[in-house]
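This briefing takes up a few local features of one structure, grouped by topic. Please read it alongside the sequence and the coordinates.

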Amino acid sequence: LDAIVSDESTPMSVMGIADAWLALLKSSDDGPLLPVARTLRALAVRHRSAGLPYFAGISLNNAMCVELARGSYSDAVGLGRDALDQFSHLPVRTSELASMHSTLALSLAESGNMQAAWDQVDIALSVRRPQPDALGDVAWLAAAAGRPALSWSCLRQAVRILDYGHQELG
């Protein structure tokens with residue numbers, strides 16, 4: 001990663017991804033998460049400026065996850081809404097939408113807006129073949145909110161998806 005960052009011929013989009021990975025690695029040993037969130041936000045701006053809404057949305061979604069982990073719920077909610085806005089520019093509906101909506105639901109719930117959280121859950125569950133992490137998020141929220149039937153339903157669906165060979169990139 002250091003070689004990529006130090007190489008002047010590295011395209012800016014690749015440089016931004018390398019910067020984000022370096023920030024993540026630095027935070028892994030009890031380091032602060034705020035630099036990671038800032039790096040991911042900057043990466044999203046670069047992707048947006050380059051006309052790459054999918055990658056901007058992914059960067060914003062990742063920044064939302066970091067802000068949720070930091071306990072900065074209002075920032076997480078704003079980033080999640082920005083990520084969804086970027087994905088609204090795509091010609092197709094991708095499976096990542098379920099994860100974005102479920103993480104946004106957790107952020108909204110943590111900020112005390114349960115009605116909006118359940119609205120996001122409904123959208124997340126409407127995505128055809130949602131990613132297992134989205135179902136896990138919804139299962140956790142449903143269990144915490146006293147809705148065990150929904151929680152178990154999401155967990156069973158996640159297991160079925162994993163059994164049929166759901167693949168994550170990376």
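Ser 107 touches Met 64, Leu 68, Tyr 73, Ala 76 and Val 77, when residues up to four places away in sequence are not counted. The model is predicted, and the points below should be read with that in mind.

- Ser 107 is found in helix H6, which covers residues 96–110.
- With a relative accessible area of 0%, Ser 107 counts as buried, because that value is under 20%.

**Helix H7 and its packing**

- Helix H7 runs over residues 114–126, and its 13 residues reach 18 Å from the first C-alpha to the last, close to the 18 Å expected at 1.5 Å a residue.
- The buried residues in H7 are Ala 116, Ala 117, Trp 118, Gln 120, Val 121 and Ala 124.
- These buried residues of H7 pack against helix H5 (73–87), H6, helix H8 (132–144) and helix H9 (148–163).
- Trp 118, which is one of the buried residues of H7, also has the charged end of Arg 147 sitting over its ring, 4.1 Å from the ring centre.

**Aromatic pairs**

- A pair of aromatic rings is described by two quantities, the distance of the centres and the angle of the planes.
- The count of aromatic pairs in this model comes to two.
- In the pair formed by Tyr 54 and Phe 55, the ring centres lie 5.2 Å apart and the planes meet at 85°, so the pair is edge-to-face, the cut-off for that class being over 60 degrees.
- In the pair formed by Tyr 54 and Phe 87, the centres are 5.4 Å apart and the planes are at 40°, so this pair is tilted.
- The pair of Tyr 54 and Phe 87 links distant parts of the chain, since Tyr 54 belongs to helix H4 (residues 53–70) and Phe 87 to helix H5, 33 residues apart.
- Through these ring pairs, Tyr 54, Phe 55 and Phe 87 are linked into a cluster.

**Accessibility within the cluster**

- Tyr 54 has a relative accessibility of 24% and therefore counts as partly exposed.
- Phe 55 is likewise partly exposed, with a relative accessible area of 42%.
- Phe 87 is buried, because its relative accessible area of 5% is under the 20% cut-off.

Methods:
Residues are numbered from 1 along each chain as its sequence is written. This is a predicted model: local features need pLDDT of at least 70, side-chain atom pairs count only at pLDDT 80 or more; totals for chains, interfaces and linings use all residues. Side-chain values use heavy atoms; hydrogens and water are left out. Helices (H or I, at least four residues) and strands (E, at least two) are DSSP runs, numbered from the N terminus. Buried means under 20% relative accessible area, exposed over 50%, partly exposed in between (1.4 Å probe, protein chains only). Contact means heavy atoms within 4.5 Å. The expected span of a helix is 1.5 Å times one less than its number of residues. Rings of Phe, Tyr and Trp (its six-membered ring) pair if their centres lie within 6.5 Å; planes under 30 degrees apart count as stacked, over 60 as edge-to-face and the rest as tilted. A charge sits over a ring if NZ of Lys or CZ of Arg is within 6 Å of the ring centre and within 35 degrees of the ring normal.
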